[in-house]
Amino acid sequence: MEPASPLAVIDCPTGLAGNMLLAALLDAGLPQAVVQEPLAALGLADAYRLELEERRSGGLRGLHLAVALLEEQPHHRHWGTLREQIASAALEPALKERVLQVFGLLAEAEASVHGHAPEQVHFHEVGAIDALVDVVGVCAGLLAFGVKQLICTPPPAGHGQVTTAHGLLPLPAPAVLELARRHGVPLASSEGFPRGELTTPTGLALMAAWAERFSPAPALCPRAVGVGLGSRSLDRPNLLRLILAESTGESTAEPTSSGSLGEQLETVLQQQAQIDDATAEDLAFLQEQLRQAGALEVFSQPIVMKKGRLASQITVIAWPEQAEALRQIWWRFGSSLGVREQTMTRWALPRSVQRRQTPWGVVGVKRSIRPDGSILWKPELDDLAALAAQVKMPPAELRQRMVAWLEQEEES
């Protein structure tokens with residue numbers, strides 16, 4: 001097994017799946033015991049067998065992983081039952097927290113697309129043994145490699161239809177779209193791919209929980225590379241690459257004396273258009289479509305154009321590889337005859353989005369690390385407002401108490 005690596009990059013040109021992520025970790029040198037021990041603690045030692053095989057895909061080698069089931073599985077599992085099974089297992093606290101986070105993200109996404117509460121979610125695909133193996137194994141592997149920062153390239157989600165326990169569903173899978181929407185995950189274009197699923201809910205939930213951002217890899221010095229192969233035959237190598245690396249400091253700062261990561265220099269795309277012939281409703285709809293297409297930021301400013309006409313300037317900030325997909329939104333839903341584009345650099349703090357159980361309820365929070373090592377917590381406004389109404393407390397007061405609680409938890 002390679003020594004600890006603070007930086008991991010997931011390069012997923014043909015999508016994300018849990019078995020591909022786990023296969024890449026094993027290919028990079030992760031001992032199988034790291035996966036098997038926590039699964040035994042969950043009572044699953046005799047329920048599965050890892051079938052590992054070195055294969056070729058499009059002329060490139062890699063490791064393919066399949067999970068053979070050795071016991072008959074229940075038709076479905078409630079999220080509450082699965083959560084209790086994980087919470088009561090003798091797992092390392094950091095691993096238990098990560099696994100619960102991943103399945104929690106899945107439960108919230110499934111609940112949203114099916115229109116009921118997370119507690120009522122019946123896990124089918126994601127509740128099966130193979131999904132438990134993938135989620136527990138990937139989380140255990142990343143922790144074993146000492147990964148402190150993970151960057152994932154935007155994955156293509158696929159197109160067409162897929163057969164699931166819920167019947168025939170459109171692609172991208174509804175849960176994949178909901179995970180991407182909730183966590184700001186940019187989905188790369190699936191144009192040119194054969195019809196079929198490229199990114200699974202389990203694969204995307206793992207990256208939504210672990211990835212600091214979805215963007216091209218920064219400058220780095222690779223230390224180990226693992227390749228996980230997909231099962232489908234495509235017109236190109238169907239693979240996922242895990243790169244364990246050290247940052248060069250050009251786009252991701254070196255750890256500070258306190259051990260935290262410093263600010264990062266990122267390249268982003270800016271798109272702008274000035275619109276004077278659309279209603280307020282039309283502009284609001286356009287901006288929402290741009291957000292749903294994966295833009296990092298969308299905002300408008302009032303301006304005055306020629307002949308004193310009042311207008312709005314719409315600005316979009318996105319990753320450069322999203323340019324074409326976002327232009328299609330401008331042309332389809334906007335009235336402007338042109339869109340200006342330019343790339344620019346920005347400094348950003350390392351950040352991650354988490355779901356945390358607090359004394360007031362579950363809330364989404366953004367966790368950022370300042371260059372001096374201190375942590376900046378920002379509760380999500382929608383969650384904060386909903387909880388404030390439940391506990392009958394002003395949002396500003398609840399925010400202050402919640403941040404203080406999060407800071408105390410970080411220190412303990």
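In this predicted model, helix H3 meets helix H4 through Trp79, Leu82, Arg83, Ile86 and Ala87 on the H3 side, and through Lys96, Val99, Leu100, Phe103, Gly104 and Ala107 on the H4 side. By class, that contact comprises eight nonpolar residues, one polar residue and two charged residues. As a reminder, the packing of two helices is described by the angle between their axes and the distance between those axes. For H3, residues 79-87, and H4, residues 93-114, the axes come within 10 Å and cross at roughly 175°. Because angles over 145 degrees count as roughly antiparallel, H3 is roughly antiparallel to H4.

I turn next to the strands. Strand E2, residues 48-57, and strand E3, residues 60-69, run antiparallel and are joined by 10 bridges. Within this pairing, Glu53 has His64 in E3 as its bridge partner. The hairpin of E2 and E3 has two residues between the strands, and Gly58 takes a positive phi near 60° there.

There is also an open sheet of three strands, in the order E8-E7-E9, with antiparallel pairing. Which strands stand at the edges of this sheet? They are E8, 167-171, and E9, 196-197; each has a single partner strand, so one side of each is left without a neighbour in the sheet. Strand E7, residues 158-164, pairs with E9 over two bridges, in the antiparallel sense. In that pairing, His159 stands opposite Gly196 of E9.

Is Asp134 buried or exposed? Its relative accessibility is 10%, and since buried means under 20%, Asp134 counts as buried. Leaving aside residues up to four places away in sequence, Asp134 touches Gly18, Asn19, Leu22, Val67 and Leu206.

Finally, the aromatic rings. How many aromatic pairs does the structure hold? It holds one. Phe285 and Phe333 form an edge-to-face pair, at 5.2 Å centre to centre and with 80° between the planes. Phe285 belongs to helix H8, residues 280-292, and Phe333 to helix H9, residues 323-333; the pair thus links distant parts of the chain, 48 residues apart. As to accessibility, Phe285 counts as partly exposed at 42%, and Phe333 likewise counts as partly exposed, at 30%.

Definitions and conventions: Residues are numbered from 1 along each chain as its sequence is written. This is a predicted model: local features need pLDDT of at least 70, side-chain atom pairs count only at pLDDT 80 or more; totals for chains, interfaces and linings use all residues. Side-chain values use heavy atoms; hydrogens and water are left out. Axes are lines fitted to C-alpha atoms, for helices over the stretch in contact, and angles run from 0 to 180 degrees between N-to-C directions. Helices (H or I, at least four residues) and strands (E, at least two) are DSSP runs, numbered from the N terminus. Angles under 35 degrees count as roughly parallel, over 145 as roughly antiparallel, 65 to 115 as roughly perpendicular and the rest as oblique. Contact means heavy atoms within 4.5 Å. Ala, Val, Leu, Ile, Met, Phe, Trp, Tyr, Cys and Pro count as nonpolar, Asp, Glu, Lys and Arg as charged, and the others, Gly among them, as polar. Two strands pair if DSSP finds at least two bridges between them. Buried means under 20% relative accessible area, exposed over 50%, partly exposed in between (1.4 Å probe, protein chains only). Rings of Phe, Tyr and Trp (its six-membered ring) pair if their centres lie within 6.5 Å; planes under 30 degrees apart count as stacked, over 60 as edge-to-face and the rest as tilted.
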